[in-house]
Amino acid sequence: MIHTIFGLAFAQQPMLPPKMHRMSISPFPSRVAATVSGGFTTCYMTHLIVQDQSFNVMIDTGSSDTTLPLVGINDYTGITVNVTPQASTLNRGYGDGSSWSGFLTSLNVSLNANISALAPVALMTSQSTSPAYLSDANTNGLMGLGYAALSSQQTYPYTVMDAWVQDNLIPNRISFTACPYSLASQSVIDFGANTPYSKCGSTTPVATTISPVKTYHTIDVRAIKIGGVSQTLPNTFQTSDGSFIGMSTKAWSILDTCSSGIFLPPTLATALRNAVKNSGGLPTSFSSTMKTSFVGGSIAVAVPESSFQWSKIPTLSFTLPSSTGGTFDLVLGPRQYIQPDEDGFYYFLVYDGSAALALLGVPLFSNYFVQVDRSSGSIGFGPGCGCDTSPDGYPKILFNVSSTTSTSATSTATSTSTSTAKTTVTTVTTTFTTKSSTLASTSSTLATTRTSTLTSTRSLTLTTTSTTRLSTVSTTRTLSSSLTIQPTASRSPNSANALHGFQWQIALTFFAALALY
């Protein structure tokens, strides 16, 4: 969920104060992992304790503020924070038409009995009504896990995570073991990455890359492949052309826990849709019109998992630079970007995005183990949820190596490569065995369908009017190309758990200002 990518300027990331602890001197609590619920229809969710109440909040690496509702906020029936109201100095608006106003304060924010600190919190005093930002009592706010440059707080600690780190409660790391809906009970977020990790023979991330800039959780996507074949990237992709982005630095791609799908440059999204449509792997009961509607994201379908011929549907890969040299590919199988929700409705989760970048959301997080080191900016990937039950070995991590490259990049690495050959260093078997939908139509020619109204991100479109570091910077990077985000497959709009922020179709112009280290 990129709260700050549209229409918002922010400053170069300020220098953080010196570290105030040494891990060898101040041991951290033994366990700080928290359970996670949700998925691509709601964002991943966890609980924060404020004023002795447990708030169910969206987990968002695409923003940095933690936002909670103040007592008396309109059109909301859930739990609230009870403090004396202040004048509203923050105003936020989003791509679905929702917005809120509020102010910044400091509150004790706890993860559990061991993890609690005084931290900056944005309290919402009012919200739009059609639609509302918080549309039901089960969603009580948002926890931003981005970097300081995206925060409304102007002094350290900038975020809740920073406050926990400052008080020596956790290391400055986060690990995600998020899962698809069929394995939702196994989803965990580990604040501090302090809990022992072991998945399918791996005890550490298999491959690591470095964020080019620490604002969003950025990545440098070197290539995008469909069925293993590199696609032609737009000349505006991650460009350094100052006339396009407004200044001389690049528009990097982004990892985002609260985007429902994967957003590609429109030409590549179209190429994938056509490849899937013509692969012969979609259910034979689909008419040509239904195939077009399904890959176009306008319908979701309830069919048995076995009705897909998964081996015929192409893979989708992203090539990233490795922190140890060379590059590696994150290879998603079709089961990663075609997923069922809680009710067994399948969704095509790749959409048209900006020609300037790729946005990798829930389909990636639901199948890989992802570990972020917020001090160094490194992002590690490893075998994730369901790797022990994958029917086809996807997703994978492939290292692109030459004959002179070390064959022991990780403890589990093996290599039989010849010059410039692609060698499977480790197979990340993180797909899952999906249950056959009980909602499939009894008709032999037509699957049960659902009109889709879900889209990926609740994207910020209003520039803040507060006197924060973000709103007072004049140097922005403007991505001047307009982008139409198409409606994507979703839960029914009437579902109690459906997040209204995913129900929109809107043309946006990207505005991004990415702060350097």
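Guide: A residue counts as buried when its relative accessible area is under 20%. Keep that cut-off in mind while looking at this model, which is predicted.

Visitor: How many salt bridges does the structure hold?

Guide: There are seven salt bridges. To read one, look for a side-chain nitrogen of Lys or Arg within 4 Å of a carboxyl oxygen of Asp or Glu. Asp 65 and Arg 92 make such a pair, with 3.8 Å between their closest N and O atoms. The two residues come from distant parts of the chain, 27 residues apart: Asp 65 sits in the loop between strand 4 (53-60) and strand 5 (67-69), while Arg 92 belongs to strand 6 (residues 90-93).

Visitor: Is Asp 65 buried or exposed?

Guide: Asp 65 is buried, because its relative accessibility is 12% and the cut-off is 20%. Arg 92 is buried as well, at 5%.

Visitor: Which residue forms a salt bridge with Arg 374?

Guide: The partner of Arg 374 is Asp 162, and their closest N and O atoms are 3.1 Å apart. Arg 374 is buried at 4%, and Asp 162 is buried at 4%.

Visitor: Which residues are linked in a network of salt bridges?

Guide: The network joins Glu 305, Arg 335 and Asp 392. Within it, Glu 305 and Arg 335 have their closest N and O atoms 2.9 Å apart. Glu 305 is in the loop between strand 18 (299-302) and strand 19 (316-321), and Arg 335 is in helix 5 (residues 334-337), 30 residues apart. Both count as buried, Glu 305 at 13% and Arg 335 at 9%.

Visitor: Now a helix. Which residues of helix 3 are buried?

Guide: Start with the general idea: an α-helix has 3.6 residues a turn, so residues three or four places apart point the same way. In helix 3 the buried residues are Leu 268, Ala 269, Leu 272, Arg 273 and Val 276. These residues lie on the same side of helix 3, because they cover an arc of only 140 degrees around the axis. The length can be checked too: at 1.5 Å a residue, the 12 residues of helix 3 (residues 266-277) should span 16 Å, and the end C-alpha atoms are 16 Å apart, which agrees.

Visitor: What order do the strands have in the open sheet of six strands?

Guide: The order is 1-11-10-25-26-12, and the pairing is antiparallel. Strand 1 (33-35) and strand 12 (207-210) have a single partner strand each, so one side of each is left without a neighbour in the sheet. From one strand to the next, the twist averages 20 degrees. Inside this order, strand 10 (residues 173-177) and strand 11 (residues 188-191) pair over four bridges. Ser 175 stands opposite Asp 190 there.

Visitor: Which strands pair with strand 4?

Guide: Strand 3 (residues 43-50) pairs with strand 4 in the antiparallel sense over six bridges, and His 47 stands opposite Asn 56. Two residues lie between these strands in their hairpin, where Gln 51 takes a positive phi near 50 degrees. Strand 9 (residues 142-144) pairs with strand 4 in the parallel sense over three bridges; Asp 60 has Gly 144 as its bridge partner. Strand 4 is mostly covered, with six of its eight residues buried.

Terms used: Residues numbered from 1 in each chain as written. Predicted model: local features only at pLDDT ≥ 70, side-chain atom pairs only at ≥ 80, totals over all residues. Heavy atoms only, no water. Buried < 20%, exposed > 50% of the residue type's maximum accessible area, 1.4 Å probe, protein only. Expected span 1.5 Å × (residues − 1). Arc of directions from axis to C-beta. Pairing = 2+ DSSP bridges. Axes fitted to C-alpha atoms, helices over the stretch in contact; angles between N-to-C directions.
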